[in-house]
Amino acid sequence: MTFLVLTLLPQAFAYNPTWSELKDENGWTVQETIKTDVGDVVVSKKVIDAFPCFRGVTQYPKTLPVPLMIEIAADAESAIEWSSADVSDAKNLRQTNEYVDYWQYLEVPVFSDRMWFLRGYFEQEGSALLFRWDNLDNGGPHKDFYDQKVKQYPNAEMTPINLGAWRIENKDGGTAVDYRLCSHPGGSVPPMLQSIATESTLPNNLRDIILETERRMELTK
């Protein structure tokens, strides 16, 4: 599941960031470190194909169940309840052992609302589990649902770029959480308002998923 860090740019664009570039450890520049109630989150920026992408990393001092965190990250519908982002509607469209297709709708103050169709992939790297996603253009295999939502929300912008990943592993006696995102919301926005919720709010995404994991763990005790 994605929680957009909306980087609002002029309408004309021809960017093509790829997962291999976003995944690459090279090229990241630390912007700042934000203190949260789950620990410090280091926020970095990387320009890929002339497009700004962001990364948040934290080391949570407790050992959390990584499969549960990936399950939470991949559940687009439940994010309405626990995410601090303004996702107001969502639907899981199809899920297999390898991937999940989903749709989400985001309310954006002042500007047009946004929505996206994504395919998220379940992967593993050593002891780390990943959930990464990219756009399903025109809804991919879910054309009827895509057409329905375009009709239902005629003024919402479809995000032309929505590429990201969660990478989570138990490490050094705690839980290492790494969140990366390239997002272009589409539409036309004045240059002076080119960013909504960039470095300062990216840490909320990491905080949200950690606190939701803790909450679900308490429910199972």
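Ring pairs join Tyr102, Phe122, Phe131, Trp133, Trp166 and Tyr179 into a cluster, where rings of Phe, Tyr and Trp (its six-membered ring) pair if their centres lie within 6.5 Å, with planes under 30 degrees apart called stacked, over 60 edge-to-face and the rest tilted. The structure is a predicted model, in which local features need pLDDT of at least 70 and side-chain atom pairs count only at pLDDT 80 or more, whereas totals for chains, interfaces and linings use all residues. Residues are numbered from 1 along each chain as its sequence is written, and side-chain values use heavy atoms, with hydrogens and water left out.

**Aromatic rings**

The count by this pairing rule comes to 11 aromatic pairs. One of them is the tilted pair of Phe117 and Tyr146, with 5.3 Å from centre to centre and 55° between the planes. This pair links distant parts of the chain, since Phe117 lies in strand S6 and Tyr146 in helix H4, 29 residues apart; helices (H or I, at least four residues) and strands (E, at least two) are DSSP runs numbered from the N terminus. Both Phe117 and Tyr146 are buried, a term that means under 20% relative accessible area, with exposed over 50% and partly exposed in between (1.4 Å probe, protein chains only). Elsewhere, the charged end of Arg119 sits over the ring of Tyr99, 3.9 Å from its centre, the rule being that NZ of Lys or CZ of Arg is within 6 Å of the ring centre and within 35 degrees of the ring normal.

**Nonpolar cores**

A nonpolar core is a set of buried Ala, Val, Leu, Ile, Met, Phe, Trp, Tyr and Cys residues joined through side-chain atoms within 4.5 Å. The largest has 36 residues, and those with the most contacts inside it are Phe131, Trp133, Trp166, Ile209 and Ile210. Helix H2 (residues 66–74) gives the most to this core, with 7 residues. Another core, of 11 residues, lies apart from it and includes Trp19, Phe51, Ile161 and Cys182.

**The disulfide**

The whole structure holds 1 disulfide, defined as a pair of cysteine sulfur atoms within 2.5 Å. It joins Cys53 to Cys182, with 2.0 Å from S to S, and the link is right-handed, with 110° about the S-S bond. The two cysteines are 129 residues apart in the chain.

**The chain as a whole**

The protein chain has 5 helices and 10 strands, and buried residues make up 51% of its 221 residues.
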